[in-house]
Amino acid sequence: MRARVRGKLQFLSPSLPEGVERNHSSVFWILQAQLGTLDKMKSSFALEAEPGTFELLAIARNLFENVIWLRLFNREREYGLLFYEQLLKQQKQNTEMFIAKANSEISLFHEFERIDGENLDFSFFSVLEGNPTDEEIQAAQVTHRNLTDDLDNKARRAFSIYASAAKFNGYGYQCNIIREKELPRQLLQLAEIQKSLDKLCSAKSSILSEPMFRLSKVRWNWKDRANDVGMIEQYNFLYAYTSRLLHSTPMNLITEKQLSASESAMMLDYAFITILDIFDLIDSFSFPGQANVAVFDL
């Protein structure tokens, strides 16, 4: 299956030069999404043990949303460009979030550098004042190590991306690394994403039909898209069901937290039949001029 999709993509690519022509091809992005789907399924089910409750729920919900995309592609190829726009928007959001987080960690690590210095002074003040015994030096070292561990744990509780690196490099030096290396790289990446998004937004009115152009201006909503492809009943059940077990609500905290044997079997059966649907949807997708060849990895 993957080889056939790669074959379609490989024979499509020469007709689409790098750059705007390729990025604004709906078929190109549909084929990329199909490849990503097949790769994701391979990794999602490469489990050495039976999946637990949270794995089953995540897999079921992810497959459900994946099927919606594939049904939309088969219904209208222009959804490939909406997929590309969603990709750019999510990349932009993730990069902006990373930049904000990096700036936040610079401020946090500056504060931690100050606290770390105070902890050092506090731990060894009495030792440096006089002629300490070996026991007093060891006690000071233990005190400083405990204070350092507490500080490192505070960084971990803050979802610090660079906590491990800062523990090795020191908080002050890690600030310089983030400011001089990581932030410039992320800002450059953000500018490239924004440039691609601007080009797409400028071209949308001419490369999308009027209905799809209007839809592209509306915030993406899984419930609406599920309704579009006749899957609203599955949406209503699955989202309510998974939310009950994934979110820490009173019901979640008081009632059973694990799927029963019959519920696990239901989710596994849903995953199995949905994967078959995914194969059928990918296999049935076609476009004018496609090449029905297979390209294998050697």
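**The nonpolar core and a helix pair**

Reply: Leaving aside neighbours within four places in sequence, Leu31 is in contact (heavy atoms within 4.5 Å) with Val5, Lys8, Leu9, Leu12, Phe285 and Phe287. The model is predicted, so local features need pLDDT of at least 70 and side-chain atom pairs count only at pLDDT 80 or more, while totals for chains, interfaces and linings use all residues. Residues are numbered from 1 along each chain as its sequence is written, and side-chain values use heavy atoms, with hydrogens and water left out.

Leu31, Phe64 and Met267 have the most contacts inside the largest nonpolar core, which has 55 residues. Such a core is a set of buried Ala, Val, Leu, Ile, Met, Phe, Trp, Tyr and Cys residues joined through side-chain atoms within 4.5 Å; buried means under 20% relative accessible area (1.4 Å probe, protein chains only). Among the helices (DSSP runs of H or I, at least four residues, numbered from the N terminus) that each supply at least two residues of this core are H3 (26-44), H4 (53-75) and H11 (232-246). H4 gives the most, with twelve residues.

H4 and H11 pack at an angle of about 150 degrees, with their axes 10 Å apart; axes are lines fitted to C-alpha atoms over the stretch in contact, and angles run from 0 to 180 degrees between N-to-C directions. H4 is therefore roughly antiparallel to H11, a term for angles over 145 degrees. The contact includes Phe54, Leu57 and Phe64 of H4 and Tyr235, Leu238 and Leu245 of H11.

Methods. Buried means under 20% relative accessible area, exposed over 50%, partly exposed in between (1.4 Å probe, protein chains only). Angles under 35 degrees count as roughly parallel, over 145 as roughly antiparallel, 65 to 115 as roughly perpendicular and the rest as oblique.
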